[in-house]
Amino acid sequence: MNSEHNTNGVSDDLKAPLLPVQATTMETSNGASLMSIFTPKSFFILLGPLLCTLICLFVKLDGPVTSRNMLAVLAWMFAWWITEAVPMPITSMSPLFLFPLFGIASADDVAHSYMDDVISLVLGSFILALAVEHYNIHRRLALNITLIFCGDPLNPPLLLLGICATTAFVSMWMHNVAAALMMMPVATGILQRLPSGPTRSPHVDKFCRAVVLGVLYSAAVGGMSTLTGTGVNLILVGMWKSYFPEADPISFNTWFFFGFPLALLVFFALWAILCCLYCSRGAGPALSAYLDKSSLRRELQMLGPMAFAEKMVLAVFSMLIVLWMTRSITDDVPGWGALFNGRVGDGTASVMMATLLFIIPNKKQKGEKLMDWNKCKKLPWNIVLLLGAGFAIAAGVRSSGLADVLSKALTFLEHAPYLVIAPAVCLISSTVTEFTSNNSTTTLLVPLLIQVAQTMHVHPLLLMVPGAIGAQFSYLLPTGTPSNVVGFTTGHIEIKDMIKTGVPLKIAGIAALSLLMPSLGKQIFSLIRRNFDSSYMFND
């Protein structure tokens, strides 16, 4: 009995703590599950539908019901975009279900916004950029240009100019983030020759900061000059086409004739700022012991002679640039696009040249082509979806009647001078873009600027362009754009370096835009007038 009693006692002792422990565990589990639900991210997820519901219930607009619904959907989408509560590509697809559910547009009409000539332009150019990266052509180009600008004896400002100019040139023909990702390893490879740690002189430390800042900012500046350099320019072109389908489209060379001079001014301002802040007089002797032409030549020789595949990729890329520049030239010299009665676009040439990469052999292995689909898995579908969302929003704002409502609300700007409004638009856009993505800022502001332009009776592009360009002036924070993140993660720069360089660069950019837009911009964009509403005049 004692034995049985003891056994039961031991058993009771072993079991006694189990219930309290289990209860505590359940309480802890319940508490943890509640904490996992009530998080800032969960609040931000609910914020979008909540704002949408509040607008639908309490906001009344002087327009059709669809205009109020469109405003509610915009609040939902931008809440998710700004907070990134939901991945940006997923938010970008939300018009595909929100627009039909709220009666703004049919499913087919919304889906058409996600594939047009601008999207084709993006896909083709990105495939070509991947080919350039795959065959290391950007590295060969960087080393050659650095050799030219290195100087003998070493001239740090001239070398910095060469590195920045190479990055800006590469960024002209591919997305600026891709250009930054390609060129940053090249730049840091040059900096690896320099000493590190506490023994490094201040001159070397400053030059390292200048190179990294130069690469990340040059990628952004170079991207401004062409349509393919950044998603912002493509969003602008797509919205122009969506809002004004009867007007002439913004062709590649039309944008280039304005974007390139602007980028050139901002680029030289960037170089001057970096030289003043980071290239001191004693930098040349301090760097010459580690950087010379012989070491650069050795690295170039290690790449070997250009292979057939590299030459063919360069040839295809060069042909594409020629096709872009000559598709539509002037009314007197219409370009090769006139042979097809205006049915072809820049996306036509882009996809056609990209297709050649899958046909031409690379002569490395039998049957292997310059590109295959496995190499294209890095295509930035997030940017493609974001562009589609921007085009869908532009169409929705117009078709829902929200554009007319906004136009009536902005009548107080009718007599505002353009020379004051344009810099203000650029300043506002460049401020907002520090806290959200460049593409999101453009998608938010451009539809509003179109209504402002209508109210002021000026050509819409005279406000759309400052808003879109200003969205690319995200120079102050690492989170402003992925290019900034690429530079910040090298460890060579700090936030104070970005602010110290970014503030004067932002001011220089706004000043350059304010100078060129009423002069060169007015001359170039005034050519886009065929079949255009005569109410949009070119007044100051």
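**Helix packing and salt bridges**

Author: Happy to! Helix α13 (residues 231–243) packs with helix α19 (residues 381–399) at an angle of about 30 degrees, and their axes are 9 Å apart. Since angles under 35 degrees count as roughly parallel, α13 is roughly parallel to α19. Keep in mind that this is a predicted model.

Reader: Thanks, noted. Is the crossing of α13 and α19 left-handed or right-handed?

Author: The crossing of these two helices is right-handed.

Reader: And which residues in α13 meet which ones in α19?

Author: On the α13 side you have Gly 231, Leu 234, Ile 235, Gly 238, Met 239, Ser 242 and Tyr 243. They meet Leu 387, Gly 390, Phe 391, Ala 394, Ala 395, Val 397 and Arg 398 in α19. By class, that contact has nine nonpolar residues, four polar ones and one charged one.

Reader: Nice. Switching to electrostatics: how many salt bridges does the structure hold?

Author: There are eight salt bridges. One of them pairs Arg 140 with Glu 310, with 3.1 Å between the closest N and O atoms. This pair links distant parts of the chain, as Arg 140 sits in helix α9 (residues 137–150) and Glu 310 in helix α17 (residues 308–326), 170 residues apart.

Reader: Why does Arg 140 count as buried?

Author: Because its relative accessibility is 10%, and buried means under 20%. Glu 310 counts as buried too, because its relative accessibility is 9%.

Reader: Good to know for setting up charges. What does Glu 434 form a salt bridge with?

Author: Its partner is Lys 506, and the closest N and O atoms are 2.8 Å apart. Here too, distant parts of the chain are linked: Glu 434 lies in the loop between α21 (418–432) and α22 (438–456), while Lys 506 belongs to helix α25 (residues 495–525), 72 residues apart.

Reader: Are Glu 434 and Lys 506 buried or exposed?

Author: Both Glu 434 and Lys 506 are buried.

Reader: OK, what about Lys 496, how far apart are the closest N and O atoms in its salt bridge with Glu 494?

Author: They are 3.7 Å apart. Lys 496 counts as exposed because its relative accessibility is 56%, and the cut-off for exposed is over 50%. Glu 494, at 38% relative accessibility, counts as partly exposed.

Reader: Last one: which residues do salt bridges with shared partners join into one network?

Author: Asp 205, Arg 209 and Asp 497 are joined into one network that way.

Terms used
Residues numbered from 1 in each chain as written. Predicted model: local features only at pLDDT ≥ 70, side-chain atom pairs only at ≥ 80, totals over all residues. Heavy atoms only, no water. Axes fitted to C-alpha atoms, helices over the stretch in contact; angles between N-to-C directions. Helix = DSSP H or I, 4+ residues; strand = E, 2+ residues; numbered from the N terminus. Parallel < 35°, antiparallel > 145°, perpendicular 65-115°, else oblique. Left-handed = near helix turned anticlockwise from the far one by under 90°. Contact = heavy atoms within 4.5 Å. Nonpolar A, V, L, I, M, F, W, Y, C, P; charged D, E, K, R; others polar. Salt bridge = Lys/Arg side-chain N within 4 Å of Asp/Glu carboxyl O. Buried < 20%, exposed > 50% of the residue type's maximum accessible area, 1.4 Å probe, protein only.
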